[in-house]
Amino acid sequence: MEIRAATAGDFDAMWAIFKAAIAMEDSFPFAGTFEAGTFRSHWFGVQAAFVAVLEGRVVGMYKMGANYPDLGAHVASATYVVDPLAQGRGIGRALVEDSLIRSRSEGFLAMQFNYVVSTNAPAVELYRKLGFAVVGTLPAAFRHRALGLVDVYVMHRFL
């Protein structure tokens, strides 16, 4: 698997993966009405975007950059999405590890995830294995398709 910077040519594959992931309504705070133009501005805007390519096909992606500007710019944040059809193959772990290496090399001192749905067990477990801790809980902050209102975690680790 190769992880590389996303290009405009990756847009269609990335948009398809994102739509499939948000359609599940179990881990991302975006509804099915989320538009392609909004996706483009978020994923090809200020933060750098990267894709995981396996056997010539985009199977995952992440974007990474400063969590906040100015006085909070030393803390990175990232968003990861793996093609639901490719999950369970180590792609998510590879994306997170790549982002940690890039964050460190870009001079960030820590990484923080602002919105990790507590019932997204694979993500929570992976982040914990990679040294993240839950540093805050947002009660009933996510409307899960099957479970109703569930908590959201803020997770953090120093680099």
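Colleague: Which residues of α1 are buried?

Modeller: This is a predicted model; local features need pLDDT of at least 70, side-chain atom pairs count only at pLDDT 80 or more, and totals for chains, interfaces and linings use all residues. Residues are numbered from 1 along each chain as its sequence is written, and side-chain values use heavy atoms, without hydrogens and water. An α-helix has 3.6 residues a turn, so residues three or four places apart point the same way. In α1 (11-23), Phe11, Met14, Trp15, Ile17, Phe18, Ala21 and Ile22 are buried (under 20% relative accessible area with a 1.4 Å probe, protein chains only; exposed is over 50%). They cover an arc of only 165° around the axis, which puts them on the same side of α1. The arc is that of the directions from the helix axis to the C-beta atoms. Helices are DSSP runs (H or I, at least four residues), and strands are runs of E, at least two.

Colleague: What do the buried residues of α1 pack against?

Modeller: They pack against α2, β2 (48-54), β3 and β4; contact means heavy atoms within 4.5 Å.

Colleague: Which residues of α4 are buried, and which are exposed?

Modeller: Ala123, Val124, Leu126 and Tyr127 are the buried residues of α4. Their arc around the axis is only 165°, which puts them on the same side of α4. Pro122 and Lys129 are exposed on the face turned away from that buried side. The cover over the buried residues of α4 includes β4, α3, β5 and β7 (148-158).

Colleague: What follows just after α4?

Modeller: Gly131, with a positive phi of about 95°. Just after α1, Glu25 has a positive phi of about 50°.
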